[in-house]
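Please look over the sequence and the model shown below before reading on. The notes after them are meant for someone meeting this structure for the first time.

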Amino acid sequence: MKKLSIVLFVMFGAVLGSQAQVDSTAKKVGNKTAELTVKGKSAVVDEVYKDKVGAGGQSPIYIDHSSKYYYIDKKGKKVYVSKSSLKDKPKT
């Protein structure tokens with residue numbers, strides 16, 4: 001009986017561990033999908049500012065219909081930045 005309870009405990013732990021991994025993977029896939037969707041819409045609807053990058057090197061920078069500058073983060077959210085915080089794109 002003791003061996004059976006140990007085996008069940010180990011199996012239950014493995015199930016919980018694999019569920020956490022599935023949740024993590026699903027969250028990563030969802031974030032990437034959101035990012036690509038928003039970037040696709042922004043590329044069609046808004047103008048791309050080709051000569052500038054964000055303060056942390058974020059690229060591309062978009063200009064919306066209200067002349068506000070933003071980039072898309074890894075979770076698919078628009079992060080608005082001021083024009084003065086933009087830097088010149090490095091030459092490659």
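Predicted model: local features only at pLDDT ≥ 70, side-chain atom pairs only at ≥ 80, totals over all residues.

Residues are numbered from 1 along each chain as its sequence is written, and side-chain values use heavy atoms, with hydrogens and water left out.

**Strands and hairpins**
- Strand β3 (residues 61–63) runs antiparallel to β4, to which two bridges join it; helices (H or I, at least four residues) and strands (E, at least two) are DSSP runs, numbered from the N terminus, and two strands pair if DSSP finds at least two bridges between them.
- Five residues lie between β3 and β4 in their hairpin, where S67 in the turn has a positive phi of about 60°, and Y62 has Y70 in β4 as its bridge partner.
- Four bridges join β4 to the antiparallel strand β5 (residues 78–81), and K78 in β5 is the bridge partner of I72.
- The hairpin of β4 and β5 also has five residues between its strands, and G76 in that turn has a positive phi of about 85°.

**Burial and contacts**
- Strand β4 (residues 69–72) is covered on both faces, with Y69 and Y71 buried on one side and Y70 and I72 buried on the other; buried means under 20% relative accessible area, exposed over 50%, and partly exposed in between (1.4 Å probe, protein chains only).
- S42, which is found in helix α1 (residues 2–45), is buried, with a relative accessible area of 2%.
- Not counting residues up to four places away in sequence, S42 touches Y62, Y70, I72 and K78, where contact means heavy atoms within 4.5 Å.
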